[in-house]
Amino acid sequence: MSVDVAWAIEWVRRSAQTVAEHRDELVELDRQIGDGDHGENLDRGFRAVVTKLDALEEQPAQIGDVLKLVATTLMSTVGGAAGPLYGTAYLRAAKATAAAELDSAGVVALIEAALDGIVARGKATTGEKTMVDAWSPAAEAAVAAADGGGSPADVLAAAAQAAARGAESTIPIAATKGRASYLGERSVGHLDPGARSTQLLLAEAAAAAGA
Amino acid sequence: MSAEAGSTSSRDVARVALVLVSHSRDLAAGAAELAGQMAPGVLLLPVGGLPDGQLGTDFDGIERAFATATADGRSAVVVMDLGSAVLTAESVLDLADEELAARVRLADAPFVEGAVAAAVTAHGGAGLDSVLAAAEGAGRMYAGPDGDGEAEPGAGAPGDAPAEPPADDGVVRETRTLLNPMGLHARPAAVIARMLAAYDAKVTVNGVSAASVLALMKLGATQGTELRIEGEGPQAAEAVRVFTTEVERGFGEI
């Protein structure tokens with residue numbers, strides 16, 4: 001399946017579904033090391049995104065249009081740090097995807113822009129037990145897959161697999177950014193909820209492309 | 001909760017408004033109430049919690065507050081509490097039009113102390129940069145006894161004689177005993193800071209800036225404390241005179 005506007009819409013719908021399915025898990029992860037609102041907030045945000053998507057009278061012309069709708073809706077409905085972080089990620093990704101269809105380099109640009117947005121907004125780097133620990137390896141894997149001649153779907157699959165490994169890698173880390181940093185060493189042994197939701201969202205990006 | 005115009009004195013509503021962004025509706029409202037008590041002429045816009053009252057940060061609410069704060073030619077300083085309040089305020093600013101964004105500053109400041117310091121400074125008619133500096137300076141109050149950075153070098157040396165007006169160094173010095181039973185608490189501290197904002201003079205009390213409510217409060221001056229008041233600048237004599245008069249009348253509390 002090509003990575004086009006229909007893919008973007010499918011990705012968003014699948015994202016809403018997976019967030020709803022994992023809502024309680026995300027709440028629990030966040031309760032362990034944060035303020036316990038990540039699952040509920042993201043679920044509310046993505047539900048609002050789907051409502052807006054349903055209300056569209058015609059399919060957007062560009063992938064960026066879909067991602068921009070996600071960005072602005074998440075920012076105004078999530079209500080926690082995930083709102084501005086994912087909001088900025090989708091917004092930057094939207095700017096990088098003013099096209100009806102993406103080739104492999106375009107998919108890389110989307111993921112790198114999202115990572116840049118999260119880093120710019122959260123001022124986090126890898127190893128601080130945040131969603132950057134999932135996004136950063138995802139971007140690296142996307143570059144490698146594209147350089148190796150992979151299709152757009154292959155690039156998404158590589159990114160999703162790397163995000164999953166990246167999320168796992170947050171477990172032994174003591175948080176130094178975000179709400180979990182108030183816990184310091186006590187955050188060791190817990191999966192970061194933001195990295196986990198990143199893993200879920202990127203898995204659906206790959207699945208929507210049939211990868 | 002917004003303490004708009006006309007609630008006090010002959011002053012105009014301050015040129016700089018404050019937006020107080022918190023995860024909690026009560027916390028934002030409480031900070032606005034506290035700051036408003038000391039700065040009734042400042043437009044204070046609390047944005048706390050989600051629209052349904054839950055804990056969280058309200059993007060649309062912040063957007064509206066920025067618009068209100070910067071209306072009528074005002075500029076605005078924003079004080080925020082934890083993480084997502086900061087991230088959301090930054091995001092709103094990123095998406096705002098440049099003309100509005102240019103008149104809004106996000107303060108890297110402790111929520112309550114920053115709000116109070118900024119409000120009192122804004123009430124004195126200060127501009128955007130001064131109000132921002134007051135908010136951010138409030139954080140340094142915790143750096144330790146000498147960490148406020150506002151004490152004049154050499155000021156407050158023990159044994160200063162209570163000399164009468166201008167000494168050779170151009171400094172106006174007076175000493176008065178604090179009469180207020182409750183000491184130099186928030187209200188009189190705010191009275192001092194506000195009153196002195198009207199004068200072109202740099203005034204210190206026992207070595208700390210009399211323009212800073214927090215510095216004054218931190219003196220911990222109780223009833224009977226000797227206050228060494230020193231003023232420098234073109235209007236130092238007038239500033240020190242109104243100050244000593246207020247001390248003598250117990251800031252209207254006795």
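Biologist: In what sense do strand β3 and β4 of chain B pair, and over how many bridges?

Modeller: β3(B), residues 75-80, and β4(B) pair in the parallel sense over 4 bridges. Strands pair if DSSP finds at least two bridges between them. Strands (E, at least two residues) and helices (H or I, at least four) are DSSP runs, numbered from the N terminus.

Biologist: Before we go on, what are the ground rules?

Modeller: This is a predicted model: local features need pLDDT of at least 70, side-chain atom pairs count only at pLDDT 80 or more, and totals for chains, interfaces and linings use all residues. Residues are numbered from 1 along each chain as its sequence is written, and chains are lettered from A and ligands numbered from 1 in the order in which they are written.

Biologist: Back to the sheet. What is the strand order?

Modeller: β2-β1-β3-β4 in chain B, an open sheet of 4 strands with parallel pairing. The edge strands are β2 (44-48) and β4 (104-107), each pairing on one side only.

Biologist: Which residue does V79(B) stand opposite?

Modeller: A107(B), in β4(B).

Biologist: Which strands does helix α6 of chain B lie across?

Modeller: β1 (16-22), β3 and β4 of chain B. α6(B) covers residues 128-139 and runs at about 15 degrees to β3(B). Axes are lines fitted to C-alpha atoms, for helices over the stretch in contact, and angles run from 0 to 180 degrees between N-to-C directions. Contact is when C-beta atoms, placed from the backbone, lie within 7 Å.

Biologist: How do α5(B) and α6(B) cross?

Modeller: At roughly 150 degrees, with their axes coming within 8 Å. So α5(B) is roughly antiparallel to α6(B); that label is for angles over 145 degrees. α5(B) is residues 111-123.

Biologist: Switching topic. How many residues does each chain put into the contact between A and B?

Modeller: Chain B gives 12 residues and chain A gives 15. On the chain B side, α2 (59-69) and α3 (83-95) each supply at least two. α3(B) gives the most, with 6 residues.

Biologist: What does α3(B) pack with in chain A?

Modeller: Helix α5 of chain A, residues 82-95, at an angle of about 40 degrees. The axes are 8 Å apart.

Biologist: Which residues meet there?

Modeller: From α5(A), G83(A), P84(A), L85(A), G87(A) and T88(A). They meet S84(B), L87(B), T88(B), E90(B) and S91(B) in α3(B).

Notes. Two residues are in contact if their C-beta atoms, placed from the backbone, lie within 7 Å. Angles under 35 degrees count as roughly parallel, over 145 as roughly antiparallel, 65 to 115 as roughly perpendicular and the rest as oblique.
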